[in-house]
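Subject: Structure handover

Hello,

Here is the structure for you to look through. My notes follow below it.

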Amino acid sequence: MKALSIVHPGRRGKPASTAVDGVDLSVGAGEIVGVVGESGSGKTSLAMAVLGLGRTTSGSIDVDGIVPGPRLPLDQRAAIQMVFQDPHGSLDPRQSIGRGLRELRRLHKARTGWISDEDLLSRVGLSGDVLTRLPHQISGGQAQRVSIARALLLRPTLLLADEPTSALDVSVQAQILRLLKGLRDEEGLTILFISHDLAVVRSVCDRVYVMKSGRVVESGRTGEVLERPQHPYTQALLAAVPGGDARIPGLEAPAAEAPQVLRDELSQSRLATAGETA
Ligand SMILES: Nc1ncnc2c1ncn2[C@@H]1O[C@H](COP(=O)(O)OP(=O)(O)OP(=O)(O)O)[C@@H](O)[C@H]1O
């Protein structure tokens with residue numbers, strides 16, 4: 001995305017608020033890129049714009065040639081998938097997991113024939129048993145795996161993960177983060193990862209953008225930014241981490257250097273407008 005600005009109009013006498021202010025952000029194919037910042041820093045406004053659901057006041061977003069917006073054809077819309085914080089929230093409570101998948105396949109025939117339900121579920125660490133269950137009959141971690149499977153089924157160009165583990169127990173959180181990393185490594189999934197949690201971001205993101213009051217105050221390889229934060233805001237975010245250790249136990253942070261394959265990919269910039277996907 002280039003110079004993206006989002007201004008929410010004021011309501012009931014309140015002044016308009018600039019949620020996103022001139023943000024440049026890029027995600028290379030097969031990368032996991034984090035956007036981190038406190039509540040109100042503009043992360044959700046930015047995510048909504050990437051999904052084509054929110055407003056874009058100025059600037060542009062380009063996801064491998066697709067410009068998100070409300071009138072996108074179904075197939076292009078399917079190329080940008082999302083996983084949200086509430087693991088059960090994105091599943092229809094009246095539909096079994098299997099029926100939900102059938103519905104998705106019916107809507108997106110051309111995109112979804114590449115894998116069976118069983119194989120799809122096994123890629124996210126679930127057995128075929130869940131197919132007959134209703135969402136309330138599975139755990140939060142399982143529901144989040146189902147949400148990821150549903151996104152994966154559509155072979156997205158970009159997966160937008162908005163606080164995907166903040167509603168989960170710590171041990172389940174690590175499992176879901178490991179799953180997302182594994183899907184990137186094995187399937188080349190490209191992920192824009194939104195979180196307020198530095199430990200989570202450090203454990204999965206190759207690069208990170210730190211947002212404050214709608215602006216990116218610092219960005220770079222996650223290891224570098226979090227080991228040697230330059231901006232006082234990043235330093236303050238790190239200082240506020242309980243125990244001072246922004247790490248998820250049992251999860252190794254990505255290497256400070258991008259893997260060679262990723263560097264090659266990035267330098268070829270297969271994505272439109274100088275290697276950008278979002
Ligand atoms: N629909 C809206 N109408 C008016 N103002 C809004 C709207 N959505 C967000 N804002 C304002 O824009 C700013 C950024 O909010 P946003 O939700 O994007 O931040 P955030 O970092 O995602 O915070 P959170 O983690 O709490 O969701 C805030 O000042 C918020 O009050």
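Gly34 stands opposite Phe193 in strand E7. This is a predicted model: local features need pLDDT of at least 70, side-chain atom pairs count only at pLDDT 80 or more, and totals for chains, interfaces and linings use all residues. Residues are numbered from 1 along each chain as its sequence is written.

Some terms before going on. Helices (H or I, at least four residues) and strands (E, at least two) are DSSP runs, numbered from the N terminus. Two strands pair if DSSP finds at least two bridges between them. A residue is buried if 20 or more other C-beta atoms lie within 10 Å of its own, exposed if 12 or fewer, and partly exposed in between; C-beta atoms are placed from the backbone.

E3 (residues 32-36) has five of its five residues buried, so the rest of the structure largely encloses this strand. Strand E3 pairs with E7 (residues 191-195) in the parallel sense, over five bridges. Val36 has Ser195 as its bridge partner in E7. E3 also pairs with E8 (residues 207-212), again parallel, over four bridges. There, Val35 stands opposite Tyr209.

In a regular strand the side chains alternate between the two faces of the sheet. On E3, Ile32, Gly34 and Val36 lie on one side and Val33 and Val35 on the other, and all are buried.

Leu160 has Leu192 as its bridge partner in E7.

**The core**

Which residues have the most contacts inside the largest nonpolar core? They are Leu160, Leu192 and Phe193, in a core of 68 residues. Helix H6 (residues 140-153) gives the most to this core, with six residues. By nonpolar core I mean a set of buried Ala, Val, Leu, Ile, Met, Phe, Trp, Tyr and Cys residues joined through C-beta atoms within 7 Å.

Phe193 touches Ile32, Val33, Gly34, Ala161, Val201, Val204 and Cys205, leaving out residues up to four places away in sequence. Contact here takes C-beta atoms, placed from the backbone, that lie within 7 Å.

**Around the ligand**

The residues around the ligand are His8, Ser17, Ala19, Gly37, Ser39, Gly40, Ser41, Gly42, Lys43, Thr44, Ser45 and His196. To count as near, a residue needs its C-beta atom, placed from the backbone, within 6 Å of the molecule.

Helix H1 (43-50) and strand E2 (17-23) each supply at least two residues of this shell. H1 gives the most, with three. By class, the shell has one nonpolar, ten polar and one charged residues. Ala, Val, Leu, Ile, Met, Phe, Trp, Tyr, Cys and Pro count as nonpolar, Asp, Glu, Lys and Arg as charged, and the others, Gly among them, as polar.

**Exposed and partly exposed sites**

Ser58 is in strand E4 (residues 58-60). Is Ser58 buried or exposed? Ser58 counts as exposed, because it has 12 C-beta neighbours inside 10 Å. Ser58 touches Ala3 and Ser5, again not counting residues up to four places away in sequence. Ser58 and Ala3 are 55 residues apart in sequence, yet 7.3 Å apart in space, C-alpha to C-alpha.

Ala3 lies in strand E1 (residues 2-8). With 11 C-beta neighbours inside 10 Å, Ala3 is exposed.

Arg77 sits in helix H2 (residues 74-78). Arg77 is partly exposed, because 18 other C-beta atoms lie within 10 Å. From Arg77 to Leu53 is 24 residues in sequence and 11 Å in space, C-alpha to C-alpha.

**Backbone angles to check**

Most residues other than glycine have a negative phi, and most peptide bonds are trans. Ala3 has a positive phi, near 45°. Asp64 also has a positive phi, of about 50°, although it is not a glycine. Asp64 lies in the loop between E4 and H2. Asp64 counts as partly exposed, with 17 C-beta neighbours inside 10 Å.

**Record and overall make-up**

UniProt, in an unreviewed entry, places the feature "domain: ABC transporter" at residues 1-238. UniProt positions are given in the numbering used here, feature names are shortened, and annotations may be inferred rather than shown by experiment. Over residues 1-238 the chain is 37% helix and 21% strand. The end C-alpha atoms of that stretch are 27 Å apart.

Best wishes

Methods
Contact = placed C-beta atoms within 7 Å.
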